[in-house]
Amino acid sequence: MFTYSLKLFIRQLISGNRQLLLNILGFSVAFAVVLFLSTFILTELKRGKSAENYESLYRLSAEEGAYWSSRSIEEFTGDFPEIKGITKVHADWADRSYFEVDDNQYNAGKILYADKYFFDVFNYQTLVGNITGTLETGESIIFTETGALKIFGGIDVIGRTLTFRTSSFGEMDFKVAAVIKDLPPEAMMTFDVIIPVAALEDNVSWYRSDHWGQSRYEVFVSLVSSESKTNIEKQLNAAFQSAAPEYATQDKGEIFLKPYSTLNFSESHDGVLLHSSVRKVKILGTIMMIVFLLALINFINLNTAQKIKQSRDIGIHKVLGASNWNSSVRIVAEILPLLFVTLLFAVLILVFSLSYLNGLFDSSFHVSTFIQPETLLTIVCFSIITLFFSTLFISSYFYRKNLFEVLKSNSSGKKENIRNALLVIQFTLSIALIIASLVINKQNSFMQNQSPGFQKDNIVYIPLSDQMSKLAKTIKQELAGISDVNNITMASHPLGESEMGWGMTLNDNGDEKRVVYEAMLVDENFFDFFGIDILNGEGFRSSSIRESEHIFNEKAIQTFGIEDITKARISSYDNATGEIIGTVKDFNFESLHHTIRPIGFVCAEPENLQVIYLNLQVSNGNQLQETLQKVEAVWNKHANSWPFEYYFLDNTLDNLYKADRRFSKVFLLLTFLSVFIGSLGLFSTSVFIAELRTKEIGIRKVNGARISEILAMLNKDFVKWVAIAFVIATPIAYYAMNKWLENFAYKTGLSWWIFALAGLLALGIAVITVSWQSWKAATRNPVEALRYE
Amino acid sequence: MIKLSKIDKYYDSRFQRTFILKGINLEVNQGDFLTIMGPSGAGKSTLLNIIGLLDEPSAGEYYFWDEPAHQIREKQKVQYHRTHIGFIFQAFHLIDELNVYENIETPLIYRGVKGKERKALVADFLDRFNIVAKKDLFPSQLSGGQQQLVAIARAIIGSPKLLLADEPTGNLHSEQGEMIMKLLKKLNDEGMTIIQVTHNEKFAQYGNRIIRIEDGLVRSDAMNIALQAEV
Ligand SMILES: Nc1ncnc2c1ncn2[C@@H]1O[C@H](COP(=O)(O)OP(=O)(O)OP(=O)(O)O)[C@@H](O)[C@H]1O
Ligand SMILES: [Mg+2]
């Protein structure tokens, strides 16, 4: 029976059925989307379990953050038999780092700084060389396969030497000790190269610090057994309390071990771990289901349409003895190969678009990534769902008692309601997605175009290396001498980046309390340079007392509850007491994802500042190039072969919204695909309906109907469905997007025109899609149309 | 074996009820060869559809194989269509997507006849109906008469117990028609119960009983005297 049905199907396929091809195309795209998104989501979900020993692996955390100083960690590395290993690591925070091999420079890729216990806690598979003991001295370096290939072009590189230069730590020489296997795409801790912390301790004087508060490390703990977690936590707290009671209580709070498997979804800034956003996973999951639903509806509609056309045949088969079961088997026999061909196409689509998708999603999938049990299971599940629902729907058309009706009927009256309902669902989803896309886009451009509250155009900044900071005063003077440099200032770090959270003691007219704020060291020209309004006081002057005078933003004064700034003293770094000499107007020193936080500016000597800002006279591109060449000449004079690099401030600020733009692009693509799939379905439905009404159209034309009247007749229904869908989609999208906007500190409004535009777009797409077919049906020679019957 | 009592068939339109069949009483026994005659639109095809379990009467009782038709379950109905009933439609109703050979073969597949036997049977029928040369053609490539031959072959290949033939010879040349009627007669002699509809007085005489329907009523029901006289 099955083979008999299969034979019938293959015959249809060979006869080149356009509907069938459309069906396959639309569904393949959807399956490709499902394959990719499900893999993407699975990868995000699996991140926490990417380490072999994740069950007994933890990150050392405290109420006040998960970063630790060297000094603190020493207290934990003592005698705890239940701890298998404890390691401290940090990411690279340099503006630029690179390797030099045989006079060639290579971008360093992603660097992980790890101490000598790293491999006691994390397991990696070595390809060549030996990892044990390599991190103990500061001379060895370990690459991943990709990292090694990028620099050496091969992995047989044990013993090769290279020079490492970084703007934060200067210059160091290393010997390659090992190459490890590339990390899987779901890895949570990612890197291209591991550099021993020992190397920094040997080479960088300021790096060695026994300050309790120099919290730059993330600390990972591997336990012998997860059962001892609570016990260990108690012991760690006790040890820390006895070593530094004040610091432990005031700055850190309760210590606990956070399971590695939960870290991927915990809120955190750029540390060594990749983070997955629950929100993103949820949104992508929802879209995946929407795309699938759209395609499934197409699939059902198209297959049903095919079957309705063959309705008489099915009736005859029944008279000849086919049971409902036989008919269902026949439907399955037709759908199965269709599904199979579809999957094949989906895989092809995926293979060809993989590099594009990887770029768009910032993922690193190989074709092999898709060959894993979970993905295969997903595919099987989705296939079964498709098979089940299409068979169910299609069978329902023919499961009737009165065979005579099946034999005679061409269309199936009442069941049209089902088809129309499905159509409305499709329109609703499409319109909702279009609205969402528009809102996301609007929010993005809102954030990017909103003025941050300071001057950001025509500003170039140059990060200084540690050594060059010593010459900052000279360099600054020479740069200021260039004719097209309008203005110049220095700071500890670029605006837009926030990297110095300070916890200090505030003495407000006798009341002492701890306050936490973002800190930025600047020179006296800073506020003038950026056009930031000083609300209180005169700002920093050349006579300002360095490392002592503070200016806070309004938010800080408000948060700290300072009544009279002249009576407040703040402890500065190095425990010197500082004065607060003024207040500046709030401005967005971070991206607009965050509300404005308290920030304190300290007037500092140039030697303590790492970034030079230049305001350049830019009237044309040539002039800019010339000026930059002059700047570079100054640089080269002092840089000791350190390469010249500069950044445009507006670019840097723009980059803060890179992830948003990426997400917006992803969403747009998925919306486009959804609408495309929906249109394919709509197109086929219109073909089907036009075919059903061929005779009617012919007769109407014989009786004098105009083409426009026929077009209106055919399109009228679809317009009605779009209208109904619009009414349903609007409140859903309104609710969802309101919810989404809640995640932003500064948000755009949901203007009415977004909804109107989405509705019009959907209507336009629908009318164009349908008219394509209606036009053909309406302009056909009526004699031909009648003969068609 | 087949019994209709007070069978009505009507269609309700908005304001009125149109009767197609009205109080039909009819009994058909095993081995009968019944001819139904009547003007166009009299309800002959409708009656055949009801007898063949394709359509349901609006009122009245119908016994198929002595079983009340409205109680026959879907499953049992399928079984009856497979083994008991052969249908020759007025409009042929060949399956467009199947060729001649496959059209004839289809009922055998549903009956579960094994491949080899099926092949032999179909070959035999193709031969008997003189359409071997056409076996690979599709219905749209056949003349009306050829289509009718295929429809007949398809209806009787499964040797149904009851053959319902709606104008089986309408499109055939009289000689061919004669041939078909002889074939039906032979099948009837072998035990097949046959109900045929025809407008042809001559072919009507092949039946051993003739009923005439007009305006949904049975006007006459008579044993075929001529035939009996012949015997
Ligand atoms: N769905 C329907 N709705 C209303 N009337 C119908 C319907 N189907 C059939 N009829 C009517 O039933 C009547 C009987 O039709 P039927 O096909 O049984 O006639 P017939 O006796 O076989 O005629 P012919 O000799 O032309 O084949 C016709 O008048 C027809 O119009
Ligand atoms: Mg008829």
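1. A disulfide is taken here as a pair of cysteine sulfur atoms within 2.5 Å. By that criterion, the structure contains zero disulfides over all chains. Among the cysteines, A:Cys381 is partly exposed at a relative accessible area of 40%, whereas A:Cys603 is buried at 0% (buried: under 20% relative accessible area; exposed: over 50%; partly exposed: in between; 1.4 Å probe, protein chains only).

2. The model is predicted: local features need pLDDT of at least 70 and side-chain atom pairs count only at pLDDT 80 or more, while totals for chains, interfaces and linings use all residues. Residues are numbered from 1 along each chain as its sequence is written, chains are lettered from A and ligands numbered from 1 in the order in which they are written, and side-chain values use heavy atoms, with hydrogens and water left out.

3. The magnesium ion (ligand 2) is coordinated by B:Ser45 (OG) and B:Gln90 (OE1) at 2.0 to 2.3 Å (donors: N, O and S atoms within 2.8 Å of the metal, or 3.2 Å for Na, K and Ca; water is not among the atoms, so sites may look incomplete). B:Ser45 belongs to helix H1 (residues 44-51) of chain B and B:Gln90 to the loop between strand S6 (85-88) and helix H3 (100-111) of chain B, so the pair ties together parts that are 45 residues apart in sequence. Helices (H or I, at least four residues) and strands (E, at least two) are DSSP runs, numbered from the N terminus. B:Ser45 is partly exposed at 23%, as is B:Gln90 at 39%.

4. Over all chains there are 25 salt bridges (a side-chain nitrogen of Lys or Arg within 4 Å of a carboxyl oxygen of Asp or Glu). One of them joins A:Glu605 and A:Lys473, at 4.0 Å from N to O. A:Glu605 sits in the loop between strand S22 (599-603) and strand S23 (611-616) of chain A, and A:Lys473 in helix H16 (residues 472-480) of chain A, so this pair ties together parts that are 132 residues apart in sequence. A:Glu605 is partly exposed at 26%, and A:Lys473 is partly exposed at 45%.

5. Chain B also holds salt bridges within helices. B:Arg128 pairs with B:Asp124, the closest N and O atoms being 3.8 Å apart; both lie in helix H4 (residues 115-128) of chain B, four residues apart, about one turn of the helix. B:Asp189 and B:Lys185 also meet at 3.8 Å, N to O, and both belong to helix H6 (residues 174-189) of chain B, four residues apart. B:Asp189 is exposed at 57%, whereas B:Lys185 is partly exposed at 22%.
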